[in-house]
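Q: Please take a close look at one part of this model, the place where its chains meet. Describe what makes up the contact, and then one residue in the surrounding region.

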Amino acid sequence: MEVQVLMSESTNSSRSTDIPSTTIEEIDLDTLVRVDNLCKYYEDDRGLIDWALSRDPEKVRAVDGVSFEIKRGETLGVVGESGCGKSTLARTIMGLHQPTEGTVLFAGKNVAEQVKSDRKRFARRAQIVFQDPSSCLDPRLTLREIVREPLDIHKVGPKPHRNERVEELIERVGLATDQLDRYPSELSGGQRQRIGIARALALDPELLLLDEPTSALDVSVQAQILNLLQEIQEEYNLSYLFISHDLSVIRYLSDRVMVMYLGKIVEIAPSEVIFEEPAHPYTEILLSSTPSKKANIDGKQVRNADIPSPRNPPRGCRFHTRCPVVVPPDNHNVEFEQDEWLAVFDYKLRLRSGRLDTNKLTELVELQDNKTENQTNIKEVVRETCGIPQTLSDSTAEEVLDDSLSALADGDTETALECIAVDFESPCEKQNPPVMHISEGHHSACLRTENE
Amino acid sequence: MISKRTRTAVLKELHSNKLATVGTALILCMLFVGMFAPVLAPHDPTQQDNSQTHQPPAFMGGETETTRLVDGEMQTVTEDNSGSLTHPLGTDTNGRDVLSRAIYGARTSLLVALTAMMASLILGTSVGMTAGYFGGKTDTILMRFVDVVLAFPALLITLAMIGVIGPLTFFIPDPFVTSGLITDRPTHMVFPVTITAAIAAVIWVWIARVARSEAIRVKNEEYVTAARTMGRSNFGIIRKHVLPNSITPILVLATIQVASIIIIESSLSFLGFAGTNLSWGYDIAQGRDYLGTSWWLSTIPGLFIVIAVVGINLFGDLLRDALDPGIDRGEV
């Protein structure tokens with residue numbers, strides 16, 4: 001049941017985005033790649049028992065309703081924590097995975113179909129540079145064979161011509177041609193990554209997907225590779241989709257930046273806008289996580305360091321379990337001070353995730369010097385743990401909270417949750433935030449943006 | 001086909017590892033003996049001579065006193081039954097030369113072992129690669145079949161197959177005899193087809209399992225994904241990337257399996273399913289009844305089996321050490 005509800009939500013929300021949904025004919029020549037409501041779910045293998053009970057396998061929503069476009073000659077940076085679906089996105093765009101839903105159009109043509117009918121033709125237009133330089137080169141081939149491989153597959157010209165082209169590419173990426181008969185194991189990480197780039201360039205593609213190309217390298221080597229990427233972009237007139245979790249690297253190379261969280265786009269904007277005026281709380285947190293900045297926004301830190309699993313992502317806004325600025329309930333029964341609200345919301349999250357079960361409560365009470373585990377003590381301890389003041393400013397809210405705490409103290413977590421389910425429900429939990437237009441090219445998916 | 005790097009690695013390993021050298025020498029000897037059996041064997045291994053039965057190996061035996069009936073009365077006589085250099089390893093119940101039989105036995109064993117190995121290598125690698133690379137249903141179906149074969153003892157399956165197919169042998173003309181270089185030797189080599197096929201049918205599953213696990217390991221490497229984005233076909237990827245990167249453990253296993261094939265072949269011959277009587281196992285079975293008096297009948301072919309098996313295993317270790325770490329450790 002839960003699964004179905006989530007699915008319908010995700011589809012609805014992505015259709016309600018205000019990025020204009022053009023049809024194939026309307027595509028302008030500037031757009032190289034257009035991704036429309038792309039979803040990629042991984043399914044666990046259905047075991048025998050699942051099959052016998054005709055149970056649906058669990059789905060991992062790696063990419064869930066993502067829409068954007070890449071213009072010719074631009075660099076689109078993609079940032080996000082690990083597990084947010086960046087790499088899956090890149091591989092689905094490359095046609096290495098079939099999308100579960102939605103389409104990727106490359107120069108107006110559907111990639112999934114093109115790859116099925118003629119992968120070679122598509123290979124000439126889009127290539128990928130991989131993250132791990134130790135695994136992306138076949139250890140049994142010499143460098144010459146590795147760089148020549150795409151030329152061999154596509155039978156580009158006669159053999160001597162291919163070898164010339166290989167030498168040309170090797171020199172372009174800054175390696176000496178006398179290294180061509182070596183094996184990848186004899187090279188350093190940076191040199192291997194250069195070979196990876198040379199190989200990707202061999203077929204003269206229009207789009208290069210850079211899947212964290214520098215994350216496995218030393219900082220000094222990173223800079224060299226980034227410079228190289230920048231040079232060849234101009235020289236070969238390439239478009240980049242640049243994936244990284246490193247903001248400084250993204251900032252250096254990207255024209256536009258897209259921030260992803262748990263398979264969804266939370267914000268997309270020109271590079272300088274993202275870094276100067278981030279609109280989404282998640283972006284702000286990402287930015288503040290770079291050492292040079294203060295590690296909080298508005299004096300508040302990320303509440304909960306656990307990233308929810310993409311198997312069962314939170315309902316509504318996926319960031320609400322960690323968001324430091326969750327929108328207070330919009331019903332008129334209760335009113336909150338922002339601080340109070342966050343504490344109460346914290347209480348609710350703890351309650352829901354089962355972090356306030358009987359054992360935990362006993363433990364908490366014992367930590368305090370009150371030895372007796374009676375109702376009043378438990379209530380007090382819970383309030384203290386979540387940072388809720390002794391009495392809330394709103395009397396209705398206080399009543400509701402007290403009911404809930406009493407139920408919790410009696411060991412009835414379900415009733416405790418039920419008490420606060422309606423009155424303390426944030427819009428962030430209910431509603432999938434629509435992607436809002438903020439300024440030219442700046443979109444963000446946050447309810448706060450809408451309210452402002 | 002063998003790259004320069006591989007050759008260097010093997011030579012280096014040969015230099016540094018004494019045991020590996022011994023193993024390689026043993027294997028080369030066996031191959032040499034098997035190949036040039038008609039030249040090396042001092043006698044025709046099938047030639048019977050009833051006046052020369054149960055002769056001990058050279059420098060063994062000697063004068064023995066026996067009591068027996070001579071001219072109607074019991075007498076203690078001294079008999080000279082010492083080995084001679086004519087039959088360096090003695091003769092058997094029918095007066096056949098044991099050394100010649102062992103040399104010809106090497107030929108049969110190696111013929112069966114190498115043919116069965118090639119067959120299982122081809123079948124096992126193709127099935128394993130297909131199952132591992134494509135995965136999913138293909139994998140499930142193929143590997144369940146492999147599991148079924150693996151679940152039975154190898155000897156049982158081969159016996160059943162021999163029962164079903166029946167004995168089938170090929171006679172291959174011996175080049176040395178046909179060309180007239182050597183006379184007085186058997187004119188044909190006997191190649192027991194049924195036994196070879198039956199052995200291959202149980203050995204390939206081991207190869208298939210290793211090939212599959214290797215294919216699964218390699219197919220998740222990024223260079224395979226890279227080859228796919230370059231537009232290489234699945235078959236091309238298997239041939240160009242997956243197979244070359246998984247061949248080392250397969251080859252090592254295949255080498256060591258040659259030893260177990262030799263043992264299976266000898267066991268079958270011992271049990272009387274030989275298809276040829278020029279086989280180590282057959283000779284051991286023949287000599288079993290005389291272990292007390294003529295130990296050499298069973299011991300000599302037994303020693304040949306031990307030498308072959310130990311040699312092959314040592315050689316397998318050499319291959320493993322030479323081919324694997326050279327790439328993993330990034331050595332030249």
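A: The model is predicted. Chain A puts 25 residues into the contact, and chain B puts in 20 residues. Interface size is often expressed as the accessible area lost when the parts come together. Between chain A and chain B the buried area is about 2200 Å², and carbon and sulfur atoms account for 54% of that area.

Turning to polar interactions, 13 residue pairs are in polar contact between chain A and chain B, counting pairs with both residues at pLDDT 80 or more. Two salt bridges are found across the interface of chain A and chain B. A salt bridge joins the side chains of A:Glu149 and B:Arg232, with an N to O distance of 2.9 Å. On the side of chain A that touches chain B, the elements giving two or more residues are helix H5 (119-123), strand S6 (126-129) and helix H6 (143-153) of chain A. By class, that side of chain A has twelve nonpolar, eight charged and five polar residues.

Leaving out residues up to four places away in sequence, A:Val156 touches A:Arg124, A:Leu151, A:His161, A:Arg162 and A:Leu203. A:Leu203 is 47 residues from A:Val156 in sequence, and the C-alpha to C-alpha distance between A:Val156 and A:Leu203 is 8.7 Å.

How values were computed: Residues numbered from 1 in each chain as written. Chains lettered and ligands numbered in written order. Predicted model: local features only at pLDDT ≥ 70, side-chain atom pairs only at ≥ 80, totals over all residues. Heavy atoms only, no water. Contact = heavy atoms within 4.5 Å. Buried area = accessible area lost by both parts, 1.4 Å probe. Salt bridge = Lys/Arg side-chain N within 4 Å of Asp/Glu carboxyl O. Polar contact = N/O pair within 3.5 Å; in protein donor to acceptor, adjacent residues only side chain to side chain. Helix = DSSP H or I, 4+ residues; strand = E, 2+ residues; numbered from the N terminus. Nonpolar A, V, L, I, M, F, W, Y, C, P; charged D, E, K, R; others polar.
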